[in-house]
Amino acid sequence: MKVDIVPIDDIEVGERFRVDMGNLVELAESIKNEGIIQPLAVYNQPNGEKPYLLLAGGRRYAACKMAGLDKVPVRVYDHELTLAEQRSIELAENLYRKNLEWQEQARLAREIYMLQKSVYGDKISTSKDAGGWSVRDTAKFIGRSVGTVSEDIRLAEMVEKVPELLECRTREEAVKK
C-alpha cells in the first residue's frame, strides 16, 4: 500500500452502497479551504476502465469534483483484492468512525472562533475588507453555515452556564431548552 496523488479523472467510482451523499456543499467548501485531510482509498485495478477503483471516500470524491480539484491524495491498494475485500474496506470506513457529538462540535466551533478573535480582534464593520474576526469569518473558515456556527457558539456558552444541557441527546433538544 502506498499514498500518492492522482488525477481525479483516473478514478472509477463504480457501484457504491452509500446512496444518500448528504449535503456536500460544506464538505466541498472545507476541501477548498483546508484540503483533503484523509486520502481516498483506491484499488489499482489491472483491467478496469480507469486505472483506479474507488474503495472508500465516496463523499470526499464527490465533494472534490464539486470543488473542481484536478488531483487528489489517495491510499493505493496495489495488491490484488477480492470483491469481498473491496467491499469490506468501504464498510469499515463507514462503520467504525464516530462523528463528534453535538456538544463537542459546539465547543470546538466556539474554540476556533475565540482563538481567531484573539489573533485578529473583533470585527466591528461589515465592510468586506474590514479587520477583525466575526462569526461569518469562522463559518467560512470551517466550511459551515453562519447559522450553524452561531448556534454552536450560543450552545457552547449556554452549556457553561447550564451544565444540565449536556444531558440533552441532540442539539435540537438543547436548543429548545
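The side chains of R16 and E90 meet in a salt bridge, 3.8 Å from N to O. A salt bridge here is a side-chain nitrogen of Lys or Arg within 4 Å of a carboxyl oxygen of Asp or Glu, and by this rule the count comes to twelve. This is a predicted model, in which local features need pLDDT of at least 70 and side-chain atom pairs count only at pLDDT 80 or more, while totals for chains, interfaces and linings use all residues. Residues are numbered from 1 along each chain as its sequence is written, and side-chain values use heavy atoms, with hydrogens and water left out.

**Salt bridge R16–E90**
- The side chains of R16 and E90 meet in a salt bridge; R16 lies in the loop between β2 (11–12) and α1 and E90 in helix α3, so the pair ties together parts that are 74 residues apart in sequence.
- Helices (H or I, at least four residues) and strands (E, at least two) are DSSP runs, numbered from the N terminus.

**Helices α4 and α5**
- α4 and α5 pack at about 115°, and their axes are 10 Å apart.
- Axes are lines fitted to C-alpha atoms, for helices over the stretch in contact, and angles run from 0 to 180 degrees between N-to-C directions.
- On the α4 side A109, I112, Y113 and Q116 meet V135, T138, F141 and I142 of α5, where contact means heavy atoms within 4.5 Å.
- These contact residues divide into six nonpolar, two polar and no charged; Ala, Val, Leu, Ile, Met, Phe, Trp, Tyr, Cys and Pro count as nonpolar, Asp, Glu, Lys and Arg as charged, and the others, Gly among them, as polar.

**K117**
- K117 is in helix α4.
- Leaving aside neighbours within four places in sequence, K117 is in contact with D122 and W133.

- The largest pocket holds about 1,400 Å³ of space.
- Of the 33 residues lining the largest pocket, L27, S30, R59, N99 and L100 are the closest to its centre.
- α1 gives the most to this lining, with five residues.
- The second largest pocket has a volume of about 230 Å³, and its lining has one nonpolar, four polar and five charged residues.
- On a 1 Å grid over the protein atoms alone, a pocket is an open set of points where a 1.4 Å probe fits, with protein on both sides within 12 Å along at least five of seven lines; lining residues have an atom within 4 Å of a point.
- Grid points are joined across faces, edges and corners, and a volume is the space filled by probe spheres set on the points.
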